[in-house]
Amino acid sequence: MSRRRTLGPKKKLALVLSAATVAGGGAFAMATTSNATPPAAATRSAADSTVCRGLATALGNNRKFIEGQRAAPDAQSEARIANREAVIAQIRRQQEASGCTVGESAQDSRAAQPQQPAPSRPAAGDRAGQAGQASGERVCNGSTVTLSGEGGAPAASSDRFPAGTKLKVTNLDNGKSTTVEVTSVSGSCVLLNDAAFEQVREAGKFLIRRAVIEKVG
């Protein structure tokens, strides 16, 4: 006659608690793993958002320029509009390649978001310690800087400074600066052409939010 081995009440309770602990720990680990956002994905998302904002700003600036030329045309307006339309087509291709909303401009983005207050101008005593602020009159306070999409030697375009004006643009995020001459009219305080923008940009970005712009010479 075989003898069956039986467990006492204390041993049975210990086994039940042990199984519950293992099961609960596994469920917690699975939940933690499934809910975590990979750091690389979050970084990629932030970078993509910056690129899209920059492209949207560039598109909006070029559209604004075309509207201004059509509202007050001159002998060169037709050629300028054709040039900016080609630039817009290139920006739209960059938006598609970057996964952005094709055709979205900065004006579209601002319409869907509350206006942010312009950054306050630092006191005179604070300016000496900031990069790129020691060589001229500070202008375009609170303006962002983007690219016009035009080729050629480093140059700028502006809606308030005449051709021949020299402007120094400093990117406070990387300390790089460039001094360029205004050569044409645009729909913004200052737009840099491709060559000038490359001198101060951060890799992969089409927008400089923390910029100091100075009128020099």
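A residue counts as buried when its relative accessible area is under 20%, as exposed when that area is over 50%, and as partly exposed in between, with a 1.4 Å probe and protein chains only. The model described here is predicted: local features need pLDDT of at least 70, side-chain atom pairs count only at pLDDT 80 or more, and totals for chains, interfaces and linings use all residues. Residues are numbered from 1 along each chain as its sequence is written, and side-chain values use heavy atoms, with hydrogens and water left out.

The protein has 217 residues, of which 32% count as buried. It contains six helices and seven strands, these being DSSP runs numbered from the N terminus (H or I, at least four residues, for a helix; E, at least two, for a strand). Read from the N terminus, the order of the elements is α-α-α-α-α-β-β-β-β-β-β-α-β.

Ser77, Ile81, Arg84, Val87, Ile88, Ile91 and Gln95 are the buried residues of α3. Viewed down the axis of α3, these buried residues fall within an arc of 125°, so they line one face of the helix. The arc is taken over the directions from the helix axis to the C-beta atoms. An α-helix has 3.6 residues a turn, so residues three or four places apart point the same way. On the other side of α3, Glu78, Glu96 and Ala97 are exposed. Just after α3, glycine 99 has a positive phi of about 80°.

Arg84, on the buried face of α3, also takes part in a salt bridge, that is, a side-chain nitrogen of Lys or Arg within 4 Å of a carboxyl oxygen of Asp or Glu. Six salt bridges are counted by this rule. Side chains of opposite charge can pair when their charged atoms come close. In the pair of glutamate 150 with arginine 84, the closest N and O atoms are 3.6 Å apart. Glutamate 150 lies in the loop between β2 (146-147) and β3 (156-158) and arginine 84 in helix α3, so the pair ties together parts that are 66 residues apart in sequence. What is the relative accessible area of glutamate 150? Glutamate 150 has a value of 22% and is partly exposed, while arginine 84, at 1% relative accessibility, counts as buried.

A second salt bridge joins the side chains of arginine 210 and aspartate 173, at 2.8 Å from N to O. This pair links distant parts of the chain, with arginine 210 in the loop between α6 and β7 and aspartate 173 in the loop between β4 (166-171) and β5 (177-185), 37 residues apart. The C-alpha atoms of aspartate 173 and arginine 210 are separated by 6.5 Å. Arginine 210 is partly exposed at a relative accessible area of 44%, and aspartate 173 is partly exposed at 39%.

Glutamate 198 and arginine 201 form another salt bridge through their side chains, at 2.6 Å from N to O. Glutamate 198 is partly exposed, with a relative accessible area of 48%, whereas arginine 201 counts as buried at 14%.

On a 1 Å grid over the protein atoms alone, a cavity is a set of points where a 1.4 Å probe fits but cannot get out, and a pocket is an open set with protein on both sides within 12 Å along at least five of seven lines; lining residues have an atom within 4 Å of a point. Grid points are joined across faces, edges and corners, and a volume is the space filled by probe spheres set on the points.

The structure holds one cavity of 30 Å³ or more, and the volume of the largest cavity is about 30 Å³. Its lining consists of Arg138, Val139, Cys140, Asn141, Gly142, Ser143, Ala211, Val212 and Ile213. β7 supplies the largest share of this lining, three residues.

The second largest pocket has about 170 Å³ of space. Helix α3 returns here, giving the most to the lining of the pocket, with four residues.
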